[in-house]
Amino acid sequence: MEEGMQLIDENGNFNVDGLQDFVTATEFAQSGLSYAIVAIIGSQSSGKSTLLNQTFHTKFKEMDAYNGRSQTTKGIWIAKCSDIDPFTIVMDFEGTDSNQRGEDDAAFERQSTLFALEIADVVLINMWCKDIGLEHAASRPLLKTVFQVIKRSFKQPKKTLLFVIRDHTKTPLERLKKFIFEDIEKIWDAVPEPETTTLYEFFKVEITALPSYEFQEVEFKEQVAQLRQQFVHSTCPGGLVGDRKKVKSASFSIYAEDIWKTIKENKDLDLPSIKVMVATFRCEAIAEEKLKCFTSNKSWLAIKEDVQAGPVPRFGEDVTSILETCLSEYDIEVGHFDQEVQNAKRQQLLSNVLMVVHDAYDTMLMHLYSNTVKSFKTSLQQSLNEGREYVASIHLCSQSCLREFDEGCEDAAIQQSGWNANKFRKRLICNMLSEMMAKYEKQITHASANTLESLLESSERNTWAIVRDVFECNTEKAISEFSDAAASFDLRSSEINTKIQHLREYARNLLEMKAREEADAGRVLKRMMDRSKQVLYNYEISMSWYKSETNLDEIERKALSKSLRILSIMAAIRYDEMPDQIENVLYSSLMDRIVLNPSLQKTPMEAVLDPLALDTWEEVSQNSTTLLKPEDCESLWMTFIEEIKPMVTYVKSRQDARRKTQSYVAVGTGAAVGVAAAAAAVVAGPAVVANLGIAVIMRAMRR
């Protein structure tokens, strides 16, 4: 590799395959950060190749002076230095201002010089001592062009410019140095923007001089040996390369190709963006490699498998350690790339690894959640069995289980993730609250449901007032106990209020559900029939039956009135104490058949409106809930009347028969037998009549 290979030919074609072979053969990639790249530019036939060969022990082709001064190096060549630490690559560039290319091909000179200043850490500017001060010598025009591009980008990393003065004459070196510094500073300052930057922010400038190789060969080689020593340990602090950051050698081929492509396309040389591109390419590749390493890590795969079966001890610690190793390896391999790019790709790697881990983490927390739920239910039941009150048991068991859950979540935490178990903790508390809510809902149900059924069965005028009191008392008792128990969970007042509101809604829904069950047409009809039968039965066994003190029509009306009250009670749920006219409307419409509508009394036709033809009850509180619409009540009433008729008719016929019997007895002859029989009938009458009446009523009910 000391002979070198052509990197870019005279036509500007980049040797991609050749460079890849060169990188492989020289083991360039194994050098890591410990490497340096040196380039040389200068006019044609100025001895560039000779200087490189003498300094770095390379074997670039040199000009044969006996054949005349002509172009020797065409394009750009690259070779590996011998016996220099660190690993050093030198690049020999085609000379500028060549007669072979002429003025029309000056673009290649500009392009190659830009390439040298970007790709190399140290750029040797080879110049004849006699050319110092000349406008078109010593690459002066090219430096002006390069400075314009670099100054505009304002991001170029610091380079070392080493001016090598060839064939040094008697002019003192210090004077030559002063002149060169002044000259390059003038070139820099001539570039307009930005004026605040200085040349030395971008370049470290060194100047050395060599005697004539042709006439002072011994002295030349002695000076070259001293120059060579400057490249030994050049990457160490204070060396020519110093502490510079550079792309990894493994990316050199990609980097060099992209730089040349950008220059060839005559674009402004946005060098930082190219470095970012190379850094992006390599960091992504390294990140992908580390992701694959993580997903195939045996320790991780074992944890992933074990967590499916149940909680894994030290889950978070072990996963954190594996993940930290993955990230550390990434950091080591990308440490020399652009900082922003490596940070961005590190974050992306972390995100991708965490995506792999997330399911296992969630599974781990799900195990903790499920186990804690079981533990809570078990410990709560055990505490109740031991005789503790429910609220005290909730306090004891919830705190113990939440503490156990938090400890498990802390053990499962992955440091790099920033994840927390809040979602599962809230779900756990919600489960505990649901357990409590179910208990208090059951308590409200047991305390109220049977009471409601019996109250509606009685259907008295104060039924709904009593129902309200019972439900409110039972509900508030449950709410009070729930509030005491909920204090264990350190909930916001809004969350507790939501649960309390749920209990109130549950109680109200329970009341409505049970009321609708009791308002079933069949049940209401049966209750009305039972009420009427009871009134008639009470009349039959009373003394009024025998003394004829009460008109049967009045008894019938009383039975109908009591049955109608049941209908009015079951027509709507009264959630408040607001009065309504349901009973009056039903009484006047069904008992008296019609009622005049006051709003129509002044109409010419004195129209009559049936209030039972409506779908809703008028003048009923908005807090009331209709169970039976007016038309439903009317239909039920008509069915009831048809059902009750046979029983009323039978009672009337029996009363008529009793009166006739009493009349026959009264007009008898007064014979002893007749008197005795009449007396026996009078004595035996009540029991016989009573038993017969009961039998009739029971047959009617079975219908």
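**Helix packing and aromatic contacts**

User: Are helix 16 and helix 18 roughly parallel or roughly antiparallel to each other?
Analyst: In this predicted model, the axes of helix 16 (residues 521–540) and helix 18 (residues 552–570) cross at roughly 150° and come within 9 Å. Axes are lines fitted to C-alpha atoms over the stretch in contact, with angles from 0 to 180 degrees between N-to-C directions. Under 35 degrees counts as roughly parallel, 65 to 115 as roughly perpendicular, over 145 as roughly antiparallel and the rest as oblique. Helix 16 and helix 18 are therefore roughly antiparallel.

User: Which residues of helix 18 meet helix 16?
Analyst: Contact means heavy atoms within 4.5 Å. Helix 16 contributes Val524, Arg527, Met528, Arg531, Ser532, Val535, Leu536 and Tyr539. Their partners in helix 18 are Leu552, Ile555, Lys558, Ala559, Leu560, Lys562, Ser563, Ile566, Leu567 and Met570.

User: What kind of aromatic pair do Phe115 and Trp260 form?
Analyst: Rings of Phe, Tyr and Trp (its six-membered ring) pair if their centres lie within 6.5 Å; planes under 30 degrees apart are stacked, over 60 edge-to-face, the rest tilted. The whole structure has 13 aromatic pairs. Here the centres are 5.6 Å apart and the planes stand at 85°, so the pair of Phe115 and Trp260 is edge-to-face.

User: How many residues apart are Phe115 and Trp260?
Analyst: Helices (H or I, at least four residues) are DSSP runs numbered from the N terminus. Phe115 is in helix 3 (residues 106–119) and Trp260 is in helix 7 (residues 252–264). The pair links distant parts of the chain, with a separation of 145 residues.

User: Is Trp260 buried or exposed?
Analyst: Buried means under 20% relative accessible area, exposed over 50%, partly exposed in between (1.4 Å probe, protein chains only). Trp260 has 2%, so Trp260 is buried.

User: What is the angle between the planes of Trp637 and Phe640?
Analyst: Both residues lie in helix 20 (residues 630–666), 3 residues apart, which means a separation of about one helical turn. Trp637 and Phe640 are both buried. The pair is tilted, at 5.2 Å centre to centre and a plane angle of 45°.

User: Which ring does the charged end of Arg427 sit over?
Analyst: A charge sits over a ring if NZ of Lys or CZ of Arg is within 6 Å of the ring centre and within 35 degrees of the ring normal. The charged end of Arg427 is 4.7 Å from the centre of the ring of Tyr369.

Residues are numbered from 1 along each chain as its sequence is written, and side-chain values use heavy atoms, without hydrogens or water. In this predicted model, local features need pLDDT of at least 70 and side-chain atom pairs count only at pLDDT 80 or more, while totals for chains, interfaces and linings use all residues.

Note on methods:
Helices (H or I, at least four residues) and strands (E, at least two) are DSSP runs, numbered from the N terminus.
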